[in-house]
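Here are some notes to read with the structure open beside you. Take them one at a time, and find each residue on screen before moving on.

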Amino acid sequence: MITPKITQLNRDLIFRYLGFQSRGLFDMGRADHLSRLQEQITRCGEMVLSISDVRCVYRIHPVSSILLDRDLEEDPDAPSKVLRLEGNDIRRLLDGADEVVLMALTLGADLERLLMREEVTDMSDAMVLDVCASAAVESAADDFEAKLSQELLAEGKYLTNRFSPGYGDLPLHTQRPLLSHLNASRAIGVTLTPTNLMVPRKSVTAIMGICDHIKEQTLGGCGSCPLKTKCTYRAHHMRCYDMEQAKDCRKQS
Amino acid sequence: MNQSFTYLDGGMGTMLQSAGLRPGDKPEVFGMQHPDVVRDIHLRYIEAGSDVIYSNTFGVNAHKYEGSGYDVSEVVKANISIAKSAAALAPDGRKVRVALDIGPIGELMQPLGTLSFDEAYAVFAEILTAGEAAGADLVIFETMTDLQEVRAGVLAAKESTSLPVWVTMTFEENGRTFAGTDAAAMALTLDKLGVEAIGVNCSLGPEELIPIVSEILRYTDKPVIVKPNAGLPDPRTSLYAMTPQTFARQMLVYPEMGVSIVGGCCGTQPSFISALHETFESDAVLKTEKHADSERMRETVNGVCSCARVADLDGDVRVIGERINPTGKKRFQQALAEHDMNYIMKCAIDQTQAGADILDINVGLPGADEAALMKEVVFAVQSVTDLPLQIDSATPEAIEAGLRACCGRAIVNSVNADEERCQQILPIVKKYGACVIGLALKKSGMPQTAKERIENVQKILEMTDAYGIPRQDVIIDCLALTISAQQEQAMETLRAVEYVSRDLGMHCTLGVSNISFGLPMRKMATVSFLTQAMYCGLDLPIVNPNQVEIMDAVASFRALSGQDASCVSYIERFKDRTDSPLTVSAAAASGAGAASGSSDASGEDNAVRSAVIAGLSGEVRDLTRSLLEEKDAMEIIEQDLIPALDVVGERYEKQELFLPQLINAANAASAGFDLIKERISEKDGGSISKGKLILATVEGDIHDIGKNIVKVVLENYGYTVLDLGRDVPPSKIVETAVQEDIRLVGLSALMTTTLPAMENTVRALKDAGHPCSIMVGGAVVTPEYASSIGAEYYARDARDSVEIAKKVFADE
């Protein structure tokens, strides 16, 4: 059983989340302002680390237990399976994979309450906390991925990229059957609003394939991204998926 | 047949699956379609010894069944009938009861989620009415994680059915549920709310639940339910490996502790219930002596609580914070009138951090709908503090609204020796199981002596006794009156406190600060009186916890009286303090140094300006205070604060500053604005607002940090922001815009999936014909999108929204 942890809070990522991905770290404003911000990030980061209660639930199934678009193309009356995953992106991701990992992870309700309280007392801290929490949930998901990879490696198996409902053309409403299949509300306390947003907000879901070979990574590309018209990475000729640790820029959609 | 234990059933889900239920199918619909299968499962439990079987209705509710094509009432009725038909077949004519099984609705309640209390109430009422009509013998809410959701269910059950109500919640190893409910708080709240049996289900195995169950047993003498899983699941397979015999053996500890209702949850089957039955019934010792003893000896702790924190009423001093009260406070009155919950939430957070144990909530404002305001404030306060509350009002409607909204067990402030008042208030106190303050006075006049006070107390007790309110739940206020007017009263008050505490053995409260009203250096007299009163038995002082001297006196008294064992808290509080007042001036000196330092560095010659730019709130406040002596308030705003914010804004534009720094500067400026606002509202109640606008995160969206940033910045530019919160329906935005005659509405959405809600809101505003401009923003909003849905402005960020507001209000 994998129990992921927050291994690090990536400062580079935090600065990017704060809206300054376009510039180097050292030409941003005056030194005294910057050092105060650095202190603020350290302090808020520690608060996030101490209050987070990382909980994770996952299951591994044969790919054949997932209903993909191609199954319906072959047989429009194909019987229902463990989970239906729509779209081309997920089909590409799972192409050549034998098994699929379904995972949900949260930092817990106490963090959510802290964020709420801080928005009342100090909006600046609230914002930095929010960003640190996003970096933390990303770190925990990365840690899950790293630990699972390690386990699989021993069996000669490899993980594909990580994908989530709301990425590319996999609809956000997939969260509902996915979380329900994982029994996430009972297992880790993650529920959905009627508009398919996860509560606590600092939670992630992930879908990954397991292959017996290293697969060339296939993400949907910017063309299929709902943020393509206003993505700040693209505006600066960068790609979120090129950037280590910055894969979730599209999670917002 | 031994009646000392009640046996429940075990797991249902896995048995349904092995009988053909497919993943993703609804178990309750499966039951309707295969009544024989479900009846057979019930029968197997009955044969194994279950006295109460849970109907196959756990997951049926209007939210989960939306769009399913099935009617909730019909599904409930069908499954209750199946359970009843099984109960009727019980061997040897045994009486088997059918429990209407209700699980969580599946969405998180406000404030973390979007489900409102009233919605949850309606969802439960539908299930409950159908269940009772179909003949259920009782209702069990199980696997619950949010105490507020449970309260909605329990109140719905009490108000729309006559079924006995049982509740079990699901806890993690840390003794709390995922939603943050604490086991002790749950037991206390539900016991007082009149729930007939309380306990735990699911969660963990029998052994792991021991500490949680003992916590529950400390706070309730109602029958306690334990329905654990078959141990912990195997991490690899998620299967439960415990045998029925091990399960039964591990459960043996519970009768001794005082538990009387037992069963199993995930991983348990009929064989587990048989094993439980055999083990318990064959152990003669448990059956007779020990079990009976533990039943007799169960003494519980009294207290008040929120969902996450209990304040024991055990005679030790617990401080009740008095600051959430508009009496004599212009700024607070204004906040209430404007529904500025942020201001009130700050008051709550300040008192919590200052060490209050309980918060008094008073929202009496002439001309306002006090009941509605009470509900709004209670929800707001409980979203930022876990302290128990005291609902303080003159009107029964506001008291009931407060108790209904309050998650946990509250105190009611107050009744007095007048029969009429007691007749109005005590039934409400009784219904919600609250504690109540009895003021030792009556309409005919203020008591002059200790004796008159005590006569009034006797009168109050006659009435609380008559309503069945236990004396331990009645807190007496012997009335502190100002010594500047009635000097002789102070000692009479203390004598009465002593009698009520020592001779009647009751809890005492006092509005302590009244004692010094009208005197100079009030805190000297207040602190001195507080200390004497605590010595006489005052255990629930109502004070201002933000006054350091008050909390120092409480800490000292706790140490002197032995309540603070080994002076641990005293030492913790004072270890870094010195006697010399140097600390204050030293802090001021270093602050001033920092200000001059930053002013040098930034090349600003104006001290307030540089303090704003550097984001130093304390300094901005101090500098504004001294500026106010030589300068007009509006001049300070126009010449100092706003220009400073403009400098920050420009640097942010040029990307020299980060957003948190912009907010820091805005916060610092707000320290100055707040001071000026206070001065102005004290002087003539006037306002310095540059214009009033609405901000809201659209319906369905719960990401509101962006909207809140915009709010802080706009407020600090002098605009009045009506913050409608997140997940706001279009109708509410239109209604407020019309009512308040708003010229600018700001809408935020973070998700592509909630953009349609933004469009709907814009359309609703246009359709209403109310003349106003709309600005929209948020991660996925673009200028093109803004104009396509008819919004007048696109706000790229908080800074942009200020420019828009300037433009809109300049056109006025």
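1. Let's begin with chain A and who touches whom in it. Among contacts with a separation of 6 or more in chain A, 73% are between residues 24 or more positions apart. Keep in mind as you look that this is a predicted model.

2. Chain A has 253 residues, and 57% of them are buried. Its secondary structure comes to nine helices and eight strands.

3. Now zoom in on one residue of chain A. Asp125(A) sits in helix H6, which covers residues 123-154 of chain A. Is Asp125(A) buried or exposed? Its relative accessibility is 7%, so Asp125(A) counts as buried, because the cut-off for buried is under 20%.

4. What does Asp125(A) touch, once residues up to four places away in sequence are set aside? The answer is Gln40(A), Arg43(A), Cys44(A) and Glu118(A). Pick out Arg43(A) from that group: its side chain and the side chain of Asp125(A) are joined by a polar contact of 2.9 Å.

5. Gln390(B) belongs to strand S13, residues 389-392 of chain B. Gln390(B) is buried, since its relative accessible area is 0%. Skipping neighbours within four places in sequence, its contacts include Ile320(B), Ile358(B), Ile361(B), Ile411(B), Ile437(B) and Ile542(B). Leu359(B), Asp360(B) and Asn413(B) are also in contact with Gln390(B).

6. Next, the aromatic rings. Over all chains, the count is 10 aromatic pairs. One to look at is Phe247(B) with Phe272(B), an edge-to-face pair with 5.4 Å from centre to centre and 70 degrees between the planes. Phe247(B) is in helix H9 (residues 244-251) and Phe272(B) is in helix H11 (residues 270-282), both of chain B, so this pair ties together parts that are 25 residues apart in sequence. Both Phe247(B) and Phe272(B) are buried.

7. Now for the place where the chains meet. On the chain B side, 61 residues are in contact with 55 residues of chain A. Together the two chains bury about 5,000 Å², with 61% of that on carbon and sulfur atoms. Which residues of chain B lose the most area to chain A? They are Leu112(B), Phe178(B) and Phe658(B), which together account for 16% of what that side buries.

8. Between chain B and chain A the count is five salt bridges.

9. Which elements of chain B give two or more residues to the side that touches chain A? They are helices H14 (341-354), H23 (582-602), H24 (607-614), H27 (659-683) and H28 (705-716) of chain B. H27(B) gives the most, with six residues. Sorted by class, this side of chain B has 28 nonpolar, 21 polar and 12 charged residues.

Definitions and conventions
Residues numbered from 1 in each chain as written. Chains lettered and ligands numbered in written order. Predicted model: local features only at pLDDT ≥ 70, side-chain atom pairs only at ≥ 80, totals over all residues. Heavy atoms only, no water. Contact = heavy atoms within 4.5 Å. Buried area = accessible area lost by both parts, 1.4 Å probe. Salt bridge = Lys/Arg side-chain N within 4 Å of Asp/Glu carboxyl O. Helix = DSSP H or I, 4+ residues; strand = E, 2+ residues; numbered from the N terminus. Nonpolar A, V, L, I, M, F, W, Y, C, P; charged D, E, K, R; others polar. Phe/Tyr/Trp six-rings, centres within 6.5 Å; stacked < 30°, edge-to-face > 60°. Buried < 20%, exposed > 50% of the residue type's maximum accessible area, 1.4 Å probe, protein only. Polar contact = N/O pair within 3.5 Å; in protein donor to acceptor, adjacent residues only side chain to side chain.
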